[in-house]
Each structure stands twice: as structure tokens, then as C-alpha cells.
Amino acid sequence: MLSEKTKTAILELQKIYPEKRSALIPALHLAQAERGYLPRETQDEVAELFGIAPNEVNAVVTFYDMFFEEPVGKHIVHVCKNVSCMLRGADELLEKLCVKLRVAPGGGSTEDGEFTVIPSECLAACDKAPMMLVDDKVVGPVREDDLDRIVDQARKGTGHPSPVKKAEADHA
Amino acid sequence: MPEMRILMAHMGKPDQCGIEGYERNGGYQAIRKAIPQIAPENLIELVKQSGLRGRGGAGFPTGMKWGFAPKDPALPKYLVCNCDESEPGTFKDRLLIEHDPHQLIEGMILASYAIGARYAFLYCRGEFFEGIVKLSAAVEQAKKRGFLGRNIFGSDFSLEIVVHPGAGAYIAGEETALLNSLEGYRATPRLKPPFPAVAGLYGKPTIINNVETLCNVVHIVNHGAEWFQKIGKQKNSGTKIFQVSGHIQRPGCYEFPLGIPLREVLDVAGGMFPGRKFKACYPGGSSCALLTERDLDLSMDFETLAARKSALGTASIIVMDDSADMVKVANRLMQFYQNESCGKCTPCREGTRWVVQILTRIEAGKGTIWDMEVIEKVCNNMEHNSFCPLAVGAAPPVVSACKEFKSEFEAYIRKNPNSEKLPEMPISYPYS
């Protein structure tokens, strides 16, 4: 069940827009920030808050890369695989990171639930190629020797963020 | 030619993100000058005269686009800023919002005033965590100073800006798909016409501009249309933020007048790595045909690159030196378009997938002598029969790589001892 606080925040978000459905994506960010991912029951709760069919919400959740229907690690490491990063060794970097964290080649989650590695399309930081988005931090250019430090630093952080929650926290 | 920093003039100054710093450095002068002294229709005229063209890739004249908004003040109208920057190789909008968020807010206020919008939405890519925080803070600060809200500067112009996070989808950068996303749906494109200026967000007239475009408006108001027109070249006024990435010594953003030769941009970005030779580059993000060594003296402007059957696009130059494997590059790019295809129309959904399968087969040393022709045919189908610009952009980078570096593809195909036998079913590829 979503907390009352999150539900209230979602209802507040709806008021910002001329039509409340516009708040659906920000609302899903908020719900995911609380639950860590978006299981069907959470999607259904969000659907109820919007007065729309659960499948309407599921259609949106399954479309966007930032929403997860299955549990993901506390920390998410996006490794950019697009051309600018590929030309500077992104494939090798991804391979090394997966070995280091003992996840499946090409990305996956660690057994302890701490990390999920996701190969990603261009993250708009090609000046830092090869780059990674570690939770909310852009890091790069990443060398193989940096991986230990990057992983350690991420471990100390609060986990993968939500663009909505973070914006609110920084306002307060 | 040295850099000419207008939009990037205050990059890296630590105080620029706060409203005091921005104002100290000359910010929020343009809205003071314009509201309400310059009538909205005159502001549109000013932008028309400046010759400013959209910086999101298509290069449509901004003033003309604004002019399409209906003049009836009773009709609700919206301004949407497209900050869903996801084109491979493109990273100028992130720089602009993280280092100078108020410049964009000021541009949005001016644009909203010109078209008569009461609401403006800033659709920001969900992965731009830092950018969203900075933009949200900038909006709050501008509100407190009375630059947003009711009756700005005592005029009857009121404006709210909503910073809206996306959730990760390249296609959401296509303007009509962005509108669907902003309405809370899957980001699939809409049929045009009607164009957004007639029926956009919630079916109401909507003007959609890129971040860099809106930032330019601030300086046009401050310095005048004539000043702006003198920068760059005919039909290509103003500066452009060129983003250089890939095999280059100093990747980054560099601001130059439009029309600078490609070679000079690469030189300022540090040139090739020692001992390496320029091989090719995509000049405008990945959705355009690649350029080769013989194109190094081309002028980086909309017309010249269109005449070369490529595109200025977002002016994101992805450089490849002689160590680059063009088969791998082509395959990786088509995988990108396949991953990001929204699935709405068949040529794009199926075409990208089939080309990836064929390129993967070639890369695995299992290509056949027919493969190049099939790739060209499928790409041709995608380019001319798909619903929106995504697949139109997916074809040229691969087709041009096949054409310009045919021998590299053929060398891969020759690795297959059975290349002249009918192909087996496409092999699966290691990318989910």
C-alpha cells in the first residue's frame, strides 16, 4: 500500500496541471520512490487516484525506461553504450563492471539487492565518455581503475532517486 | 576562428545558477525591456527579423512558428519547452540547464508573452536529475521576484511554468509524442496535421521550442534582430553550440557562429588523438548521413549540410578516427533506433529490428552477399513509409556507412565461407 503521504503528494501534483492525467508520470516517479519499483498493486493504486483503468497505467509504466515492474537494486548504474561512449570503450567498461559486481554479462542485479547495472542509450553527457549515471550522479570519463571508487561511493549514497522527490526535497 | 560565447557566456561561473548571480551578470534585462513595452506581435516580428531558426534539429524559423499561434486572447494557448535531449551525441541542453537555468526561464517568459500563453511546460528528460533540481529552484526564485505569477511587471500578462519530468524515452523528443507524454500517455507520435500550433496540448494551440532556441530569444531581445543577423551567415543567423564527442582530444561544447567550417570546430576541440587520422563523423547527432574526409571544409549550416544529403540537426559531431569499426558503429546505432522505436508503425518497428539482425549477422561473420542490398531496401522503406521522424533518422546513418565504407562491410561478409549461399534465419543478437 502507498503511504498517505505519497497519496496526498500525488493528489497535489494533479492540481498543478490543467488536466490531472498530466500528473501521471510524475506520480509514478513518486510511487516508485516509495516502493523501489512499481508492482501491479501499486500501479492499481495510482490508477485509482487518477480514476483511470489499471491497464492505462500499465501501458505507461511499460513504455518508459525509468519505471520498473520488477524489483531493482538499491543503487542503479546506467552504463551508456551509445556510439560516443562505445568509441571510448563503453563495452569493455560494462563488461568489467559486471564482473566486478558479479552480475550477468550485459547487466543485471547483484544478489544482495544493492546494485542493478543497466546498459543504457545516450544519457547526454558525451563530453564525459565513457560515462555512467550512478543513481543521480553523472560520472566520467570512467577508467577501469575508477570502478572500485565509484562503486564504494555509490554504496554510501541514499539509493536511486526519483526526479520528482528530489526536486521537492531540495525545495524544502 | 575563436569561440563566440553568447549562450555560454557565463558557463562555469559559480553564482550563475542563483537568481542574484544571473541578474548581476546581466540577466532578466530582456523581460524588463519587453514586458509590457514591446507588444507581443512586435516581439514575434523581432524574432522573425532576427532569422532565428529552431535549435532542436529541424531548423524551422522560430518567429514564423510563433506566428502560427492564434491571436484570439480568449483561446488558451501553451508553450512547451522541449528539454528531452536524447539524440546520441547531443549534450548542449543539459549544459544550458545545469549551468544557466535562469537563461532558459527568461527565454520561456518571453516566448509565452509573445504567443499569449498563460501556462508553460518545461518537459525535462527524467534522467536529468541535477537539471530538474536546478530548473525547479530557478522557477521558485523567479516566482518570488515577481517574474512569474500574476500580472508580471503590473501588466495583464500572467504566467506559470511547470517543470515536468519525463521517464526515459527517446521518442518523447518528437514534438507530438512529447505532447502525449505530457498528457500522461505513452509517448507515441500524433498525425500531423493538425500541427501543434493549431491543436497541441489538450487539443489547444501549442508552441514547442527547444531549450537552445529559447535561450537565444533572450539575447535577441537584449541586442536586437540586426545584431543577431550579423552573426553567422545568411539564413543561418546566430551562434550554435557545437558538441564534439567520440574520437577527439577535448570533447565538449563549443559555441561558434553558424557556418564555421567543420575542420575548425574539430581543431578547437583538440583534433585527433596522436597518430590517428580522421575517418568520418556524424555532424548533427546520429540521425543523419555521415561525412568523410572530403567534407572537412564544409560550412556547418542548415543548407550546406542538407545539400550534402546530411543534416546540421543538433550540431552534435560524433567523430570517428581510423580505428573505428564502421560495421560496429552502424549496428550499434540501429540497435539504438530499434530500442527506441515506439512500435506504433510497422516500417519502423519491424525495419529497425530486421536491419539489426542483418548487421549482427554480418558482424558475427555470417553475412551473405545479398545483405547490403537488403539493408538498403529495408532502410529505404523505413525512411519513406514510417509515421514519424524516428525511422527517417534511423536510415541515413546506416545507409551512409554502408555506402562510404562498403569495403569494411564486404570484408566482414567475406569472412563467411558460405556467403554465397542463401542466408540462414537471422541469428539472435546479444541485446535485449
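Is Tyr28(B) buried or exposed? Tyr28(B) is buried, with a relative accessible area of 0%, where buried denotes under 20% relative accessible area, exposed over 50%, and partly exposed in between (1.4 Å probe, protein chains only).

The structure is a predicted model, in which local features need pLDDT of at least 70 and side-chain atom pairs count only at pLDDT 80 or more, while totals for chains, interfaces and linings use all residues. Residues are numbered from 1 along each chain as its sequence is written, chains are lettered from A and ligands numbered from 1 in the order in which they are written, and side-chain values use heavy atoms, with hydrogens and water left out.

**View 1. Residues of chain B with positive phi: Tyr28(B) and Lys309(B).** Tyr28(B) is a residue other than glycine with a positive phi, near 60°. It lies in the loop between α1 (19-24) and α2 (29-34) of chain B; helices (H or I, at least four residues) and strands (E, at least two) are DSSP runs, numbered from the N terminus. Lys309(B), likewise not a glycine, has a phi near 65° and belongs to the loop between α12 and β11 of chain B. Lys309(B) is exposed, with a relative accessible area of 69%, whereas Tyr28(B) is buried.

**View 2. Ala306(B) in helix α12 of chain B.** Helix α12 spans residues 302-307 and contains Ala306(B). With a relative accessibility of 47%, Ala306(B) counts as partly exposed. A distance of 32 Å separates its C-alpha atom from that of Pro101(B), 205 residues apart along the chain.

**View 3. The largest cavity and its lining.** A cavity is defined on a 1 Å grid over the protein atoms alone, as a set of points where a 1.4 Å probe fits but cannot get out; lining residues have an atom within 4 Å of a point. Grid points are joined across faces, edges and corners, and a volume is the space filled by probe spheres set on the points. One cavity of 30 Å³ or more is found in a search of the whole structure, and the largest cavity holds about 80 Å³ of space. Its lining comprises 13 residues, of which Pro189(B), Cys342(B), Cys345(B), Cys348(B) and Cys388(B) are the closest to the centre. By class, the lining has nine nonpolar, three polar and one charged residues; Ala, Val, Leu, Ile, Met, Phe, Trp, Tyr, Cys and Pro count as nonpolar, Asp, Glu, Lys and Arg as charged, and the others, Gly among them, as polar.

**View 4. The buried face of helix α4 in chain A.** Within α4 (residues 54-61), Val57(A), Asn58(A), Val60(A) and Val61(A) are buried. Seen down the axis of α4(A), the buried residues fall within an arc of 160°, so they line one face of the helix; the arc is that of the directions from the helix axis to the C-beta atoms. Their cover includes α2 (24-35) and α3 (40-50) of chain A, with contact taken as heavy atoms within 4.5 Å.

**View 5. The five-stranded open sheet of chain A.** The strand order is β2-β3-β1-β4-β5, with mixed pairing; two strands pair if DSSP finds at least two bridges between them. The edge strands, β2 and β5 (137-139), each pair on one side only. Five of the six residues of β3 (residues 115-120) are buried, so this strand is largely enclosed by the rest of the structure. Strand β1 (residues 75-80) runs parallel to β3(A) over six bridges, and Val79(A) has Pro119(A) as its bridge partner. Strand β2 (residues 108-109) is antiparallel to β3(A), joined by two bridges, with Ser109(A) opposite Thr116(A). These two strands form a hairpin with five residues between them, and Gly113(A) in the turn has a positive phi of about 75°. Three bridges link β4 (residues 132-134) and β5(A) in the antiparallel sense, with Met132(A) opposite Val139(A).

**View 6. The five-stranded open sheet of chain B.** Here the order is β8-β7-β11-β9-β10, again with mixed pairing. β8 (252-257) and β10 (291-292) stand at the edges with a single partner strand each, so one side of each is left without a neighbour in the sheet. Strands β7 (residues 239-246) and β11 (residues 316-321) run parallel and are joined by four bridges; Gln243(B) stands opposite Ser316(B).

View 7. Pro193(B) lies in the loop between α8 (175-182) and β4 (206-210) of chain B.

Definitions and conventions. On a 1 Å grid over the protein atoms alone, a cavity is a set of points where a 1.4 Å probe fits but cannot get out, and a pocket is an open set with protein on both sides within 12 Å along at least five of seven lines; lining residues have an atom within 4 Å of a point.
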